[in-house]
Amino acid sequence: MFKATVLIKRRPSILDPQGVAVEKGAKHLGISNIKGTRIGKLIEFDVDVKDRAAAEKEVNEYCSKLLSNPIMEDFEFKLEEIK
Amino acid sequence: MSLKFGVVVFPGSNCDHDAYYSLRKVLNYDVEFLWHKDTDLKQSSVILLPGGFSYGDYLRTGAIARFSPIMNSVISFANKGGIVIGICNGFQILLEAGLLPGVMIRNNSLKFACKDVYLKTENRETIFSAEISEETKALKIPIAHGEGNYFADIELLKELETNRQILFRYSDADGNVNDENNPNGSQLNIAGIVNKNGNVMGMMPHPERACDPTLGRTDGQQIFKSIANYILN
């Protein structure tokens with residue numbers, strides 16, 4: 001069994017209105033040196049297989065077909081063996 | 001071909017009944033609901049993906065609905081030239097399914113935009129717009145969305161323009177397209193597009209909410225009448 005941690009980031013070329021708005025909030029708070037805030041997603045789950053290669057294959061498919069939209073997002077993940 | 005609209009019902013669809021009502025009660029067309037878990041399109045000649053918040057908009061708008069069993073049938077129907085229209089969340093589902101190009105991101109205001117807007121028709125030579133009269137400078141149709149900010153890269157935008165795939169742009173009442181009348185930050189004020197073959201259309205505004213005269217606006221009828229006339233003639 002593996003624990004997967006997936007990080008999904010919006011591509012640099014895609015606008016992130018949410019990030020821009022959050023950064024405005026930082027300025028209102030007086031946190032003034034923040035630049036380029038981008039908001040992504042962190043997704044965790046377990047993969048119930050014994051073999052790391054099989055886990056990678058399945059996570060790749062999950063990420064590329066459902067968890068991310070390849071037009072606007074990139075993903076990366078790490079697998080940690082548990083049990 | 002006989003005219004029959006199939007309105008897909010996803011968990012979280014909330015404009016399915018509006019669409020059904022406008023098509024059946026106002027325009028007197030044959031229409032049937034199609035459940036997302038089914039695969040049978042019930043001899044529909046037009047598939048309508050309605051607005052709403054399918055699967056709670058979890059992950060990304062339209063991302064999970066795109067894998068509903070009915071969508072395999074809708075995708076093969078579209079690939080064979082079948083007519084498909086996606087409204088609001090339906091448009092987002094068509095983007096996720098790859099039936100239309102581009103992506104939808106959060107409105108630049110970060111606010112949910114719910115109001116009447118005006119749409120300039122950019123191409124009257126499509127299945128969806130042939131009956132929009134030349135006198136109509138702009139269609140008055142409501143929007144209701146939080147993620148209607150259409151995004152495409154420069155190459156795709158050029159391609160959309162070259163192929164005349166941009167169907168509707170946000171404008172003022174006279175059809176002038178400008179930043180002031182862009183409600184969500186969409187590139188090139190894009191409100192609706194068609195695919196290259198011209199049989200699949202997606203739009204963020206809600207034509208089904210602009211059909212019944214008692215609601216004070218009927219411009220949405222012109223879109224449905226265009227589709228009906230195309231099939232019947």
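What follows is a short chat about the two chains of this predicted model.

Me: Before we start, how are the residues, chains and ligands numbered or lettered here?
Reply: Residues are numbered from 1 along each chain as its sequence is written, while chains are lettered from A and ligands numbered from 1 in the order in which they are written. Since the model is predicted, local features need pLDDT of at least 70 and side-chain atom pairs count only at pLDDT 80 or more, whereas totals for chains, interfaces and linings use all residues.

Me: Ok, chain A. Which order do its elements come in?
Reply: From the N terminus on they run β-α-β-α-β, with 2 helices and 3 strands in chain A; helices (H or I, at least four residues) and strands (E, at least two) are DSSP runs, numbered from the N terminus.

Me: And is chain A spread out or compact?
Reply: Chain A is more spread out than a compact globule, because its radius of gyration is 16 Å, well over the 12 Å that the globule rule gives for 83 residues. That radius is taken over C-alpha atoms, and the rule is 2.2 Å times the number of residues to the power 0.38. The C-alpha trace of chain A spans about 50 × 30 × 15 Å along its principal axes.

Me: How much of chain A is buried?
Reply: Of its 83 residues, 13% count as buried, where a residue is buried if 20 or more other C-beta atoms lie within 10 Å of its own, exposed if 12 or fewer, and partly exposed in between, with C-beta atoms placed from the backbone.

Me: Switching to chain B, why is H3(B) called largely enclosed?
Reply: Helix H3 (residues 89-96) of chain B has 8 of its 8 residues buried, so it is largely enclosed by the rest of the structure. Among those buried residues are B:Phe91, B:Ile93 and B:Leu94.

Me: Which strands do they pack against?
Reply: The buried residues of H3(B) pack against strand S3 (46-49), strand S4 (83-87), strand S5 (103-105) and strand S11 (200-203) of chain B. Just after H3(B), B:Gly98 takes a positive phi of about 80°.

Me: Which residues have the most contacts inside the largest nonpolar core?
Reply: They are B:Val8, B:Leu48, B:Val84, B:Leu94 and B:Leu119, in a core of 70 residues. A nonpolar core is a set of buried Ala, Val, Leu, Ile, Met, Phe, Trp, Tyr and Cys residues joined through C-beta atoms within 7 Å. Helix H2 (residues 69-79) of chain B gives the most to this core, with 5 residues, and a second, separate core of 6 residues includes A:Phe2 and A:Val59.

Me: What does B:Val8 touch?
Reply: Leaving aside neighbours within four places in sequence, B:Val8 is in contact with residues including B:Leu34, B:Ile47 and B:Ile70; two residues are in contact if their C-beta atoms, placed from the backbone, lie within 7 Å.

Me: In what sense do S1(B) and S2(B) pair?
Reply: Strand S1 (residues 4-9) and strand S2 (residues 30-35) of chain B pair in the parallel sense over 6 bridges, and pairing needs at least two bridges found by DSSP. B:Val9 stands opposite B:Trp35 in S2(B).

Me: Last one, how many residues does each chain give to the contact?
Reply: Chain A gives 11 residues and chain B gives 13 residues. On the side of chain A that touches chain B, the largest share, 3 residues, comes from H1(A).
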